[in-house]
Amino acid sequence: MVTAIVLAAGKGSRMNSSTPKQYLSLAGKPVLYYSLEAFSKSNADNIVLVTGKGDEEYCQREIVERYKINKPACIVAGGEQRYDSVYCGLKAAAKADYVLIHDGARPLIDVETINHAIEKVKEVKACVVGMPVKDTIQLVNTCMEIETTPKREQVWMAQTPQCFSYELVLRSYQKAIQAKDATITDDAMVVHTYAKAPIVMMEGSYQNIKITTPEDIAVAEVLFKEREKKQGYLYI
Ligand code: CTP
Ligand code: MG
């Protein structure tokens, strides 16, 4: 069984909005709707939606029921940090053989990429969707002096979904939580650090942006308009 864990328990502090960014309107529907719709149309078997404490009913009524998300969506409350929310999602996905961990703040994920990621994770046990960086990245020290320039071909932006065999990612998260490791920003980082397992980077799309600051909403609107022109209809 393949379970998608969609994370939507963040506070969206960089968005500077009174409404959490996952509920903001984007091309007429809430940001969170789009990734739920993409996973429900994909080959994933079910969805665990992780929301803020107290938002479970709102999400069930205003997103899952209102937009008829048809994959069984179990809704659980998340935690303080992203990794706490991931761990809550993992505990709720106990029947999964594979999990796809996705930021609900990435509405432009497409069904093709999800299905490709499902095939890949079954083959390699751990893979992450990402893209090569377009700019040169410079590593700086605390005085803002450039220290190293990594070879551009080797620098990829990690996006989501990040996909793992359930047993591998659960074991890694258990160790990270036990170690109270607060440096975690990414699931691949957890699996790499605590299970020392190889993780394959697979190419996704530059469109799969994360809604983080207000201008990202405007960019996503443009990308959805383009998608509509290409497909002849707006939604996924
Ligand atoms: N997330 C979560 N639980 C948290 C923190 C984040 O489920 N405690 C989710 C967010 O809802 C988002 C994804 O993880 O879908 C990526 O996190 P990010 O973009 O950092 O979102 P926020 O933490 O909400 O935003 P900010 O960091 O600006 O406060
Ligand atoms: Mg955050």
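**Exercise 1.** At what angle do helix α3 and helix α5 pack, and how far apart are their axes?

*Solution.* The model is predicted: local features need pLDDT of at least 70 and side-chain atom pairs pLDDT 80 or more, while totals for chains, interfaces and linings use all residues. Residues are numbered from 1 along each chain as its sequence is written, and side-chain values use heavy atoms, with hydrogens and water left out.

Step 1. Helices (H or I, at least four residues) and strands (E, at least two) are DSSP runs, numbered from the N terminus. Axes are lines fitted to C-alpha atoms, for helices over the stretch in contact, and angles run from 0 to 180 degrees between N-to-C directions.

Step 2. Between α3 (residues 82-92) and α5 (residues 166-178) the angle is about 135°, and the axes are 10 Å apart. α3 is therefore oblique to α5; under 35 degrees counts as roughly parallel, over 145 as roughly antiparallel, 65 to 115 as roughly perpendicular and the rest as oblique.

Step 3. On the α3 side, the contact (heavy atoms within 4.5 Å) involves R82, Y83, D84, V86, Y87, L90 and K91. From α5 come Y166, V169, L170, Y173, Q174 and I177. By class, the residues of this contact are nine nonpolar, one polar and three charged. Here Ala, Val, Leu, Ile, Met, Phe, Trp, Tyr, Cys and Pro count as nonpolar, Asp, Glu, Lys and Arg as charged, and the others, Gly among them, as polar.

**Exercise 2.** Describe the packing of α5 against α6.

*Solution.* Step 1. Helix α6 covers residues 187-195, and α5 packs on α6 at about 80° with the axes 8 Å apart. The two helices are therefore roughly perpendicular.

Step 1. α5 contributes L168, V169, R171, S172, Y173, K175 and A176, and α6 contributes D187, V190, V191, Y194 and A195. These residues divide into eight nonpolar, one polar and three charged.

**Exercise 3.** Which residues have the most contacts inside the largest nonpolar core?

*Solution.* Step 1. A nonpolar core is a set of buried Ala, Val, Leu, Ile, Met, Phe, Trp, Tyr and Cys residues joined through side-chain atoms within 4.5 Å. Buried means under 20% relative accessible area, exposed over 50%, and partly exposed in between (1.4 Å probe, protein chains only).

Step 1. The largest core has 44 residues, and L32, L36 and L49 have the most contacts inside it. Elements that each supply at least two residues include β1 (2-8), β4 (46-51) and α7 (214-231). The largest share, seven residues, is from α1.

Step 2. Beyond its neighbours within four places in sequence, L36 contacts V6, I47, L49, I63 and I69. Another core, of 27 residues, lies apart; A9, F164, L168 and I184 are among its members.

Note on methods: Chains are lettered from A and ligands numbered from 1 in the order in which they are written.
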